[in-house]
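Good morning, and thank you for making time for this presentation. Please have the sequence and the model in view as I go through a few local features.

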Amino acid sequence: MSETLLSSRNLAFELYEVLDAEALTQRERFADHNRETFDAALGTARSIAEKFFAPHNRKGDEHEPEYVDGAATLIPEVKPAVDAFLEAGFLNATRSFEQGGMQLPTLLSQACFAHFQAANVGSSAYPFLTMGAANLIESFGSEEQKQRFLQPMIEGRFFGTMALTEPHAGSSLSDIRTRAEPAADGTYRIKGNKIFISGGDHPLSENIVHMVLAKLPDAPPGVKGISLFIVPKFLVNDDGSLGKRNDVILAGLFHKMGYRGTTSTALNFGDNGDCVGYLVGKPHAGLSYMFQMMNEARIGVGMGAVMLGYAGYLYSLEYARERPQGRLPDGKDPTAPQVSIIQHADVRRMLLTQKAYVEGAFDLGLYAARLFDDTQTLATEDERQQAHELLDLLTPIVKSWPSEFCLKANELAIQILGGHGYTREYPVEQYYRDNRLNPIHEGTHGIQSLDLLGRKLAQNQGSGLKQLTRLINACCQRASEYESLNTLRHPLEQLMARLSSVTLGLLGDLMQGKVNEALANSALYLKVFGHAVIGWRWLEQAIRAEQGLARGNAADADFYRGKLQAARYFLTWEVPGCHHELALLEARDGTCLEMQDNWF
């Protein structure tokens with residue numbers, strides 16, 4: 001079995017040794033499943049990803065979508081790949097059997113989808129966006145909207161997008177200008193411009209359902225005045241057939257550094273005054289609805305970043321094993337055979353760094369998916385709410401940490417290949433270019449750091465933060481039962497103690513109204529908080545690896561030792577470095593805040 005997408009052994013370790021996926025089958029919703037059905041779904045995903053998605057990854061990058069006669073064109077290989085994805089049922093992996101879904105846990109759905117993200121992040125974006133848009137309509141749409149738009153999306157005939165960003169506003173959604181005027185028939189007429197709309201036009205489906213943020217004439221200022229609308233590319237008749245083309249115009253395509261296989265579009269709504277939109281839910285509540293899709297997308301973006309980092313890691317690992325070059329520092333005989341570059345300590349350092357970043361982030365992404373299952377299927381409302389609060393707190397980390405550090409892994413993969421890594425003949429440079437989008441879209445690092453420090457920590461009286469602290473302390477306590485893990489546990493305990501103190505101080509400043517000062521270095525806080533979370537996830541993996549070694553299966557010994565070494569690297573090389581950022585946060589360092597425009 002090919003291991004170019006992700007390690008099947010590591011996936012099994014995560015699902016069955018760390019995250020206990022089989023325990024989910026004890027819950028009523030997943031009672032028809034077992035490890036065999038889970039593994040069958042994973043095997044199908046790997047097979048389709050390898051057969052249909054991976055082969056055109058490079059071609060989709062070299063032949064990006066084109067704007068022809070007012071429409072976006074794609075290379076022909078994309079549609080058969082997406083169709084195979086749809087036919088296998090992955091679009092509806094988590095939906096109920098009654099809806100034609102597979103009723104899989106989100107944990108398993110995310111694990112399946114990871115194969116497609118690793119194989120071809122550009123083509124996999126189309127169904128990814130559709131899943132999010134469909135879930136949004138399912139949660140907040142009317143029965144008529146579900147019949148008219150959701151059902152064809154579930155069937156894979158209509159695809160979906162999210163249309164938020166506008167040319168003048170960027171990430172500042174409170175400043176959007178797109179308008180929605182009520183019409184006599186109960187619909188609305190939408191007028192405005194949206195940019196960077198992924199999947200905003202393509203030939204893969206009969207229709208495209210845009211989820212559009214706009215403001216009504218009586219909208220209050222700011223984010224409290226945003227409403228959500230369904231705006232289809234083609235209107236849909238009462239009998240479900242397609243009607244006339246809606247007044248949605250593809251104004252052009254953006255030409256991107258990476259992620260080229262996904263169309264990035266500029267859309268004009270209502271240039272001819274007749275763009276029909278349908279209000280979703282209540283007026284002025286659109287942003288709170290859209291946050292559901294954005295939070296789903298943020299977790300998905302984090303996993304996409306992980307899988308691009310993972311693909312680069314596995315490629316550079318294979319290359320390092322096969323590429324002979326030079327001799328070890330103590331090898332003085334120039335006639336001795338060259339050694340493979342994996343024998344060089346600095347190459348091992350770069351590989352170990354990649355492993356620590358991508359396998360730590362992979363664990364976190366799957367943990368977040370498992371938490372989402374808890375928000376839906378735990379026994380009591382209180383338990384489900386607690387899971388939701390923890391997931392809410394972790395979402396900025398799940399999105400941002402892999403986007404930053406799995407990108408660093410891609411950089412190291414290029415470095416391991418040397419000059420070859422910098423050429424287009426090898427895939428690692430594309431993985432880097434593709435991954436460079438992830439620190440930007442679905443909320444930049446800066447936005448995620450403000451969300452974490454300015455909003456998420458104190459939310460619900462700090463319930464999520466208290467839960468996380470308890471979980472990390474309990475993990476450290478379990479690790480203390482293994483003498484070999486003491487050197488791994490202590491740096492995490494030291495970081496958590498200091499981070500807790502800094503957090504209390506910053507929250508105190510926020511409560512006193514020192515908002516700009518407290519949030520000035522939020523990006524540093526996000527990095528440290530992320531390292532604490534990933535350190536915790538590595539300590540959990542280390543405990544499971546010790547348990548695996550104790551079982552004495554010789555075939556698994558190298559795998560578990562590799563886990564322990566990566567955990568050791570992250571907790572003893574990476575985690576202690578966070579004290580520099582904590583010192584700056586403690587001092588409320590004003591270097592960046594106090595810099596003046598005209599000093600540049």
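Let me begin with a definition: a residue is called exposed when its relative accessible area is over 50%, buried when that value is under 20%, and partly exposed in between. Please also keep in mind that this is a predicted model.

With those cut-offs, I turn to Trp599. Its relative accessible area is 57%, so Trp599 is exposed. In the chain, Trp599 belongs to the segment that follows α19, the helix spanning 591–594.

My next topic is a pair of helices. The axes of α14, residues 486–511, and α18, residues 578–586, come within 10 Å and cross at roughly 20 degrees. Angles under 35 degrees count as roughly parallel, and α14 and α18 are therefore roughly parallel to each other. As for handedness, α14 passes α18 in a left-handed crossing.

I now come to backbone geometry. Gln103 is not a glycine, and yet its phi is positive, at about 55 degrees. Gln461, likewise a residue other than glycine, has a positive phi near 55 degrees.

Where do these residues lie? Gln103 sits in the loop that links α4 (78–87) and α5 (106–119), whereas Gln461 is part of helix α13, residues 459–479. Is Gln103 buried or exposed? With a relative accessible area of 9%, Gln103 is buried. Gln461, by contrast, has a relative accessible area of 68% and is exposed.

Finally, I would like to consider two loop positions. Lys256 is located in the loop between β10 (248–253) and β11 (264–269). Its relative accessible area is 18%, so Lys256 is classed as buried. What is the separation between the C-alpha atoms of Lys256 and Asp61? That separation is 9.9 Å, although Lys256 and Asp61 are 195 residues apart along the chain.

The other position is Glu155, in the loop between α7 (143–154) and β3 (158–163). Glu155 has a relative accessibility of 44% and therefore counts as partly exposed. Between Glu155 and Asn438, which are 283 residues apart along the chain, the C-alpha atoms are separated by 29 Å.

That concludes my presentation, and I welcome discussion.

Note on methods. Residues numbered from 1 in each chain as written. Predicted model: local features only at pLDDT ≥ 70, side-chain atom pairs only at ≥ 80, totals over all residues. Heavy atoms only, no water. Helix = DSSP H or I, 4+ residues; strand = E, 2+ residues; numbered from the N terminus. Buried < 20%, exposed > 50% of the residue type's maximum accessible area, 1.4 Å probe, protein only. Axes fitted to C-alpha atoms, helices over the stretch in contact; angles between N-to-C directions. Parallel < 35°, antiparallel > 145°, perpendicular 65-115°, else oblique. Left-handed = near helix turned anticlockwise from the far one by under 90°.
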